[in-house]
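This report is for a reader who is new to the structure shown below. Please look through the sequence and the model before reading on.

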Amino acid sequence: MRTMTQSEIAKKLGIVGKQTINFNESVVCTMKPKYMDEYDIECVGIEIDEKDPEKFCETVEKIAPTFGGINLEDIKAPQCFYIEERLKRTLDIPVMHDDQHGTAIISAAGLKNALEVAGKNIADVKIVVNGAGAAAISCTKLYVALGAQVKNIVMLDSKGVITSDRENLTEQKKLFATDRRDVHTLEEAVKGADVFVGLSKGNVLSKDMIRSMADNPIVFALANPVPEISYEDAMDSRPDQGGEHRPLQQKAHRRHQGRRGLLQGADRLLRVSWPRGSEGLCRHPEGCPRGRCAGHRRHQARRHRQDR
């Protein structure tokens with residue numbers, strides 16, 4: 001009998017099931033790294049039983065003054081893109097979406113290292129992304145920001161290769177719709193590709209597909225709980241391939257470490273104490289756009305005392 005993952009348990013239990021995920025991730029974020037003397041991140045998991053994006057955003061905006069940063073968890077595409085962009089626009093604290101930022105940053109770091117080992121330039125490599133959800137879109141955006149060329153990227157969803165002539169594409173999928181008409185399936189797309197990034201479902205990549213890739217291919221099989229190809233099959237397919245086929249627990253741990261690093265960076269950059277926003281400093285010390293954040297009020301109080 002297969003053991004269910006936390007996500008599967010959460011789906012069966014509904015919103016209450018999310019407590020296990022939020023609690024575990026809060027614990028990981030709160031852990032103090034050995035190499036850091038100063039570390040003041042505290043986390044609390046909050047479950048919001050709301051499916052309407054507008055009402056969800058309204059709820060988050062109302063509780064935001066209590067916190068110094070917000071991490072969104074397990075929100076499906078395309079709603080997650082709207083929610084994240086709106087909250088970034090309306091709130092004066094950092095907002096991140098774990099499925100997007102956590103996975104994207106960790107996989108991008110791995111890709112940079114793998115390309116260096118393989119002796120390849122990110123601007124020249126051909127990349128196949130199997131999946132078009134929140135994580136896949138965000139990962140690909142970050143690869144492009146690092147220098148990857150959109151013309152060298154082929155993205156696939158459940159219907160196959162995303163082409164520019166397909167109807168009813170979301171705005172996110174349009175960003176990576178290819179003009180090529182010679183590829184339709186994953187098997188066709190990976191031929192001659194340098195990089196495969198899987199953020200879809202298990203057991204969709206075969207040994208023969210990896211053998212058809214370019215020299216020194218990089219394979220990131222990131223689907224969970226079952227990757228696109230097992231570590232054993234991937235390594236057995238050819239000796240010159242590299243990439244990521246780690247167990248689910250290790251992949252999740254790396255993603256959590258990445259998010260913790262983001263929180264540390266935001267804490268230093270914006271001078272916000274997590275999660276107590278009332279102890280932070282406003283990122284607009286000479287005038288908060290809304291004039292309501294505690295940092296700005298404290299800054300005004302100091303100036304008032306100095307004037308006296």
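## Overall makeup

Of the contacts in the protein with a separation of 6 or more, 60% are between residues 24 or more positions apart. The model is a predicted one. The protein has 12 helices and eight strands. Its 308 residues include 44% that are buried.

## The nonpolar cores

The largest nonpolar core holds 44 residues. Within this core, the residues with the most contacts are L72, L87, L91, L111 and V195. Helix α6, which covers residues 134-145, gives the core its largest share, six residues. A second core of 18 residues is separate, and V154, V161, L186 and A234 are among its members.

What does L111 touch, once residues up to four places away in sequence are set aside? The list is I122, Y143, V195, I218 and F220. V195, like L111, is one of the residues with the most contacts inside the largest core.

## Helix α3

Helix α3 runs over residues 53-63, and F56, C57 and V60 are buried in it. Seen down the helix axis, the buried residues of α3 fall within an arc of 95 degrees, so they line one face of the helix. In general, an α-helix has 3.6 residues a turn, so residues three or four places apart point the same way.

The cover over the buried residues of α3 includes β1 (70-72) and α4 (79-90).

## Helix α5 and residue A108

A108 is found in helix α5, which spans residues 98-118. Is A108 buried or exposed? A108 counts as buried because its relative accessibility is 4%, and the cut-off for buried is under 20%. Leaving out residues up to four places away in sequence, A108 touches L142, Y143 and L146.

A108 and C139 are 31 residues apart along the chain, and their C-alpha atoms are separated by 7.0 Å. C139 counts as buried too, since its relative accessibility is 1%.

Strand β4 covers residues 153-157, and five of its five residues are buried. Which residues point which way from β4? I153, M155 and D157 point one way, while V154 and L156 point the other way. V154 is also part of the second core.

β4 pairs with strand β3 (residues 127-130) in the parallel sense, over four bridges. In this pairing, V129 has M155 of β4 as its bridge partner.

## Residue Q172

Helix α7 is formed by residues 171-174 and contains Q172. Q172 has a relative accessibility of 18%, so it counts as buried under the 20% cut-off. When neighbours within four places in sequence are left aside, Q172 is in contact with P78, F81 and I137.

## Cysteines

How many disulfides are there? The count comes to zero, where a disulfide would need a pair of cysteine sulfur atoms within 2.5 Å. C57 is buried, with a relative accessible area of 0%, and C139 is buried at 1% relative accessibility.

Key: Residues are numbered from 1 along each chain as its sequence is written. This is a predicted model: local features need pLDDT of at least 70, side-chain atom pairs count only at pLDDT 80 or more; totals for chains, interfaces and linings use all residues. Side-chain values use heavy atoms; hydrogens and water are left out. Buried means under 20% relative accessible area, exposed over 50%, partly exposed in between (1.4 Å probe, protein chains only). Helices (H or I, at least four residues) and strands (E, at least two) are DSSP runs, numbered from the N terminus. The arc is that of the directions from the helix axis to the C-beta atoms. Contact means heavy atoms within 4.5 Å. A nonpolar core is a set of buried Ala, Val, Leu, Ile, Met, Phe, Trp, Tyr and Cys residues joined through side-chain atoms within 4.5 Å. Two strands pair if DSSP finds at least two bridges between them.
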